[in-house]
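Keep the sequence and the 3D view at hand while reading.

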Amino acid sequence: MTDIIIAGIGQIPVGEHWELSLRSQAAKAMLAAVRDAGGIRPQALYIGNFLASVVSHQSNLGALLAENAGMTGIEAYTVEAAGASGAGAFRTGYLAVASGFVDAALVVGVEKYTDMVGAGLESAAAQAMDYDYEGVQGLSAVGQAGLVMQRYLHEYQPPRSAFAAFPLLAHANAVNNPNAMFRKAIKPETYEKAGMVSAPLNLFDVAPLADGAAAVLLTRASLLPKDFAHPLVRVSGSSVVVDTLALHDRSDPLAFEAARISVEQACSQAGILPKDVNFFELCDSTSIYAALSLEAAGFAPRGQGWRLAAEGALSLGGRLPALTLGGLKARGNPLGATGVYQIVEAVMQLRGQAGANQVAGAQRGLVQSLGGPASTAVTHVLERLG
């Protein structure tokens, strides 16, 4: 198969963008990605979004966003997979270009969370769960994660304070990321004093939901202009796997099976083992999901994922740098856009454009996005050529 290259990247800061509409956010990221790719024009636009039809009262985003960015006449539609929507859109773009039916595909993840305020927002976000058996009972996504963490603490008996290492790392790495929502490091005592959100998860264990838009442009290596300015980053592995939607339908709620299988498939496609990557952009929507993702990917035994953060293995100078530009916790979690932000940040690492947060010698990165508690898992292996 010909090399599929991420030729352009674009993003806006994650935050509360009261002054920007959904379409304006997307246009800024989309046009930035096209500029970064040297002006390559896409034949298709794939959009990752989760909540627009409810929160922004807007569907048919393909027509809306293409028109607003001056790209009418192309193929365009939305991909939805809850918090993995952006990653799903990226896979769609990758497959479209790899198939040969599309020469260049633009992928944008966008979310305008602040188009709604109040209790309705939590109900909207709960659509990622099984409504008939979870949502209708009043269970929220954070409440569900709290139950998972309670079970984890009971099963494996880790020190509760060890989970502080995940948000401490994320906030420390976000200090130098101009697109992060929270650019301030936190201290262990700050974590310990934080109020409970859904016991045993405290405020710093949960990534903040926010507005944002990020975009990438994909094309085949053979179609790049001769004067292409950036180091080449290719997609060498791609996988989407689903598990049961409802957590209670799983034989083991602490085993993220879809996440495990998607890592295995993506790495197999790339011809590598997980240990061969130089960094891992994982889904830290909550601290417990970060630990379970590390275990599912095979980087730690069951019940030991927390140790990688607590012992410094995930730091920029560690053996498996993670959350290198702040992760969901400190960069912010714009839901349907998050998966594309993760890809953009991985490309920055592989191009050598991560500044003070650069992972030394980064040649290969693993990126994983989750919809719900790994009900959907999307994993990609990205690799620098040359």
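## Lysine 112

The side chain of K112 reaches the backbone oxygen of H17 at 3.0 Å. The structure shown is a predicted model, and the distance comes from its atoms. K112 sits in the loop between β4 (104-111) and α5.

Is K112 buried or exposed? K112 has a relative accessibility of 4%. Buried means under 20% relative accessible area, so K112 counts as buried. Leaving aside neighbours within four places in sequence, K112 is in contact with H17, W18, L20, S21, L22, Q25, V55, S56 and D211.

## The largest pocket

The largest pocket holds about 730 Å³ of space. It is lined by 37 residues, and the closest to its centre are A141, V142, V206, A207 and L209. By class, this lining has 24 nonpolar, eleven polar and two charged residues.

Which elements supply at least two residues each to the lining of the largest pocket? They are α5 (120-125), α6 (141-156), α12 (327-331), α13 (338-351) and β10 (364-371). Helix α6 gives the most, with four residues.

## Helix α6

The length of α6 can be checked against its residue count. At 1.5 Å a residue, the 16 residues of α6 should span 22 Å, and the end C-alpha atoms of α6 are 23 Å apart, which agrees. After α6 comes Q157, which has a positive phi, near 55°.

The buried residues of α6 are G143, Q144, A145, G146, V148, M149, Y152 and L153. Among the elements that cover these buried residues are β5 (196-198), β6 (201-202), α10 (287-296) and α11.

## Helix α13

The same kind of check works for α13. With 14 residues at 1.5 Å a residue, α13 should span 20 Å; the end C-alpha atoms of α13 are 20 Å apart, which agrees. Just after α13, G352 takes a positive phi of about 80°.

How many of the 14 residues of α13 are buried? The count is 14 of 14, so α13 is largely enclosed by the rest of the structure. Helix α13 also supplies at least two residues to the lining of the largest pocket.

The volume of the largest cavity is about 50 Å³. Lining the largest cavity are F166, P167, F204, D205, V206, D284, T286, S287, L323 and K329. Five of these lining residues are nonpolar, two are polar and three are charged. V206 lines the largest cavity, and V206 is also listed among the residues closest to the centre of the largest pocket.

## Threonine 324

T324 is found in the loop between α11 (305-310) and α12. T324 has a relative accessible area of 0% and is therefore buried. Not counting residues up to four places away in sequence, T324 touches N173, F279, E281, L316, Q349, N357 and V359.

G86 lies in helix α4 (residues 85-99). At 0% relative accessibility, G86 counts as buried. Apart from neighbours within four places in sequence, G86 is in contact with G48, V107, G336, G339 and V340. G86 and A213 are 127 residues apart in sequence, and their C-alpha atoms are 9.8 Å apart in space.

V79 belongs to strand β3 (residues 75-79). The relative accessibility of V79 is 15%, so V79 counts as buried. V79 touches I47, G48, N49, S85, G88, A89 and T92, with residues up to four places away in sequence not counted. Along the chain, V79 and A141 are 62 residues apart, and their C-alpha atoms are separated by 21 Å.

Key
Residues are numbered from 1 along each chain as its sequence is written. This is a predicted model: local features need pLDDT of at least 70, side-chain atom pairs count only at pLDDT 80 or more; totals for chains, interfaces and linings use all residues. Side-chain values use heavy atoms; hydrogens and water are left out. On a 1 Å grid over the protein atoms alone, a cavity is a set of points where a 1.4 Å probe fits but cannot get out, and a pocket is an open set with protein on both sides within 12 Å along at least five of seven lines; lining residues have an atom within 4 Å of a point. Grid points are joined across faces, edges and corners, and a volume is the space filled by probe spheres set on the points. Ala, Val, Leu, Ile, Met, Phe, Trp, Tyr, Cys and Pro count as nonpolar, Asp, Glu, Lys and Arg as charged, and the others, Gly among them, as polar. The expected span of a helix is 1.5 Å times one less than its number of residues. Buried means under 20% relative accessible area, exposed over 50%, partly exposed in between (1.4 Å probe, protein chains only). A polar contact is a pair of N or O atoms within 3.5 Å; within protein, one must be able to donate a hydrogen and the other to accept it, and residues adjacent in sequence count only if both atoms are side-chain atoms. Contact means heavy atoms within 4.5 Å.
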